[in-house]
Amino acid sequence: SQEGVLASTVAVECDELRSVIVHEENVCSQQAATSSELQAESALTSSSLIGEMECSKHQYSEESKIARLAMMQRDDHLAQLSSEEQMHSEEVATVALIVAERDALQTTLERAR
């Protein structure tokens, strides 16, 4: 009868241990599932951030091209203005020469009279 009590006690402890093991296995499964979800979310977030970074990089590149084009256009415009200013200066010099020649001719005519 002592063996029966001992066997019964061992059986109860074994059942309790099985119950603990099943519970621990469930906890481990839940943790593994949570870990997988977190890894998936992390991968998705990384992918999203990489996509945003690539988009920003492309946008910056486009804005850079536009800025360089605008600077080239400004430089061309400045060169054109400089050329026009040079032509204007030459025209003013030519007019000044013509006026000087006219004045000289007028002075010569007045002396001849």
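1. Accessible areas here come from the Shrake-Rupley method with a 1.4 Å probe. On that basis the accessible surface of the chain is about 10,200 Å², and carbon and sulfur atoms account for 60% of it. The model is a predicted one.

2. The fold is simple to state: one helix and zero strands. The chain is more spread out than a compact globule, because its radius of gyration is 48 Å, well over the 13 Å that the globule rule gives for 113 residues. The C-alpha trace spans about 165 × 15 × 10 Å along its principal axes.

3. Buried residues make up 0% of the 113 residues in the chain. Buried here means under 20% relative accessible area.

4. Side chains of opposite charge can pair when their charged atoms come close. Five salt bridges are found in the whole structure; some of them are described below.

5. D15 and R18 form a salt bridge, with an N to O distance of 3.0 Å. Both residues lie in helix α1 (residues 2–112), three residues apart, about one turn of the helix. D15 is partly exposed at 47% relative accessibility, whereas R18 is exposed at 52%.

6. E62 and K65 are also three residues apart in helix α1, about one turn of the helix. Their salt bridge has its closest N and O atoms 3.5 Å apart. K65 is partly exposed at 45% relative accessibility, and E62 is partly exposed at 31%.

7. R102 pairs with D103 in a salt bridge, the closest N and O atoms being 2.9 Å apart. R102 is partly exposed, with a relative accessible area of 49%; D103 is partly exposed at 32%.

How values were computed
Residues are numbered from 1 along each chain as its sequence is written. This is a predicted model: local features need pLDDT of at least 70, side-chain atom pairs count only at pLDDT 80 or more; totals for chains, interfaces and linings use all residues. Side-chain values use heavy atoms; hydrogens and water are left out. Helices (H or I, at least four residues) and strands (E, at least two) are DSSP runs, numbered from the N terminus. The radius of gyration is taken over C-alpha atoms; the globule rule is 2.2 Å times the number of residues to the power 0.38. Buried means under 20% relative accessible area, exposed over 50%, partly exposed in between (1.4 Å probe, protein chains only). A salt bridge is a side-chain nitrogen of Lys or Arg within 4 Å of a carboxyl oxygen of Asp or Glu.
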